Amino acid sequence: MPKEKKLMVNAIKDGTVIDHIPAKHLFKVISILGLDKIKTTITFGTNLESDKLGKKAIIKISEVFFEDQDINKIALITQEAQLNIIKNYEVVEKKPVRIPDFVVGIAKCVNPKCITNNENMLTRFTIVDKKDIALKCEYCEKITDKEHIKILKN
Amino acid sequence: MKNRSLVSINDYSTDNISEILRRTELFEKKPVQKILDGKVVATLFFEPSTRTRLSFESAVNKLGGKVIGFTDSSSSSVSKGESLKDTIKTVANYCDLIVMRHPLEGSAKYASELSKVPIINAGDGANQHPTQTLLDMYSIIKTQGTLQNLNIFLVGDLKYGRTVHSLLMAMSRYNPVFNFISHEKLRIPDEYKMYLNNIGIKYYEHSEFEKIQYADILYMTRVQKERFSDPMEYEKTKDTYILKNDMLNDTKDNLRILHPLPRVTEVDNDVDENRKAYYFDQALNGVFTRQAIISSILDIKPENDTN
């Protein structure tokens, strides 16, 4: 048993663990947080059994601590995720992700006639509905609802 | 309002709107005053809109300013693939103010973030056209003597009509009653009804021309063919919402008929001679309103302003 547990995902000394990510959203989370550009050690596990989520994913990022505003971007696709801050192998802080008021450069506007879909520029949205997740484009003023949120590639 | 762009009617407070309406009256009294001497205004029309462009250019000319620009993007570097950013960054060096019309929604807002000179949005796709709203408001206050407590009928394409949406939002600040007359496919979107419910403004929806004897303002709009997938339905709809002169018999004395123009068939030609028809005067008001907006944004006082 201990051997099997160790093989799953190694513990980290200092850094951030993002747990309880629904497995299907793992790669979106990676993209939103720009983890593909981080130089330190990162380990992933996905399709792990979870009572709450069915299949969950976990990400452990060594020596990286996120600003709240950065980590909260993932709330657009998953509000279940939980953040653990690790210092010297110990969890020193646990925090849930919180939906931000405003997101820049993360999501795509649903309106094909929006300037953001036609110029090389950042998208900007105000989150007008935090419960059901609805984004209002700062440019064309159209609403992108949860069903239509597409995450932009970094 | 000094050096501030006008992108959306929502950028203007009630005080800002009152100031524009006050200035518009000054320009109506004295339309020719050379207060823009030495100023250059660029009119960048990425899609053609002759009426709007001529109205702006007339306004600048009457104020003694110079106009540069293009009338559609095929005659500019945009057709060579230049980005909006590069066009705006370049043209901002040549002028004191940019008036722009663009087919993409949000383009004017983006331009206002990039430009070192103020931007006036002369229409960004289906989104905003604030100078139209302000000239509509001037036409209302001029003919009714007030913006307060009016019974406003909006007729035609209430679903896609951007002038209707902006006017509704702007007039909501003055305790109106709205009546919406449209085909069921072109009804006012739910988001506007929700907005009116939230702020406690009364409105009624009709599928036929009715109750217009109570109207102070009858705001007519054009129903566009491309809104209907079935051409038969378009033909039927078009004929249902035509305003004819004899329908105006029992209407109020102060009623005025507004239309953003161009008109197709929705206002019959026999209405034109009725003194309640106001749409051509409304177009003239557009020049004064744009003089007011330009002078206000550039922070230049009208000569006859004693304030």
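Modeller: The account below begins with the conventions, moves through chain A and its sheets, and ends with the charged pairs of chain B.

This is a predicted model, in which local features need pLDDT of at least 70 and side-chain atom pairs count only at pLDDT 80 or more, whereas totals for chains, interfaces and linings use all residues. Residues are numbered from 1 along each chain as its sequence is written, chains are lettered from A and ligands numbered from 1 in the order in which they are written, and side-chain values use heavy atoms, with hydrogens and water left out.

Chain A contains three helices and 11 strands, where helices (H or I, at least four residues) and strands (E, at least two) are DSSP runs numbered from the N terminus. Along the sequence, these elements follow the pattern α-β-α-β-β-α-β-β-β-β-β-β-β-β. Taken along the principal axes, the C-alpha atoms of chain A fill a box of roughly 55 × 30 × 25 Å. The accessible surface of the chain comes to about 9100 Å², and carbon and sulfur atoms hold 50% of that area; such areas come from the Shrake-Rupley method with a 1.4 Å probe, and for residues only the protein chains shown count as cover. Of the 154 residues in chain A, 46% are buried (buried is under 20% relative accessible area, exposed over 50%, partly exposed in between, with a 1.4 Å probe and protein chains only). Among contacts in chain A with a separation of 6 or more, 59% involve residues 24 or more positions apart, a contact being heavy atoms within 4.5 Å.

The five-stranded sheet of chain A is open and antiparallel, in the order β2-β3-β1-β4-β5; two strands pair if DSSP finds at least two bridges between them. Its edges are β2 (42-50) and β5 (90-96), each of which pairs on one side only. Neighbouring strands are turned against each other by 20° on average, direction ignored. For such angles, axes are lines fitted to C-alpha atoms (for helices over the stretch in contact), and the values run from 0 to 180 degrees between N-to-C directions. Within this sheet, β1 (residues 15-22) and β3 (residues 54-62) of chain A pair in the antiparallel sense over six bridges. One position there is I21(A), which stands opposite A57(A) in β3(A).

Chain A also has an open sheet of four strands, antiparallel and ordered β6-β8-β9-β10. Strands β6 and β10 (143-145) are the edge strands, pairing on one side only. The twist from one strand to the next averages 30°. Strands β8 (residues 124-129) and β9 (residues 134-137) of chain A are joined in the antiparallel sense by four bridges, and T126(A) has K136(A) in β9(A) as its bridge partner.

Because its relative accessibility is 31%, V104(A) counts as partly exposed. Together with F102(A) and L122(A), V104(A) makes a nonpolar surface patch of about 250 Å². Patches are made of residues with over 30% relative accessible area and no salt bridge, with like charges joined within 9 Å and nonpolar side chains (Val, Leu, Ile, Met, Phe, Trp, Tyr) within 5 Å.

In chain B, the charged pairs provide the background. A salt bridge is a side-chain nitrogen of Lys or Arg within 4 Å of a carboxyl oxygen of Asp or Glu, and the count over all chains comes to 23. E47(B) and R101(B) form one, with their closest N and O atoms 3.3 Å apart. This pair links distant parts of the chain, 54 residues apart: E47(B) is in the loop between β1 (40-45) and α2 (50-62), and R101(B) is in strand β3 (residues 97-102) of chain B. E47(B) is partly exposed at 24% relative accessibility, whereas R101(B) is buried at 10%.

R53(B) and E57(B) form another salt bridge, at 3.4 Å between the closest N and O atoms. These two are separated by about one helical turn because they stand four residues apart in helix α2 of chain B. R53(B) is buried at 15% relative accessibility, and E57(B) is buried at 17%.

K252(B) meets D216(B) in a salt bridge of 2.9 Å, N to O. K252(B) lies in the loop between α8 (231-240) and β9 (256-258) of chain B, and D216(B) in the loop between β7 (203-206) and β8 (217-220), so the pair ties together parts 36 residues apart in sequence. K252(B) is partly exposed at 32% relative accessible area, while D216(B) is buried at 7%. Finally, E19(B), R22(B), R23(B) and D305(B) are joined into one network by salt bridges that share partners.
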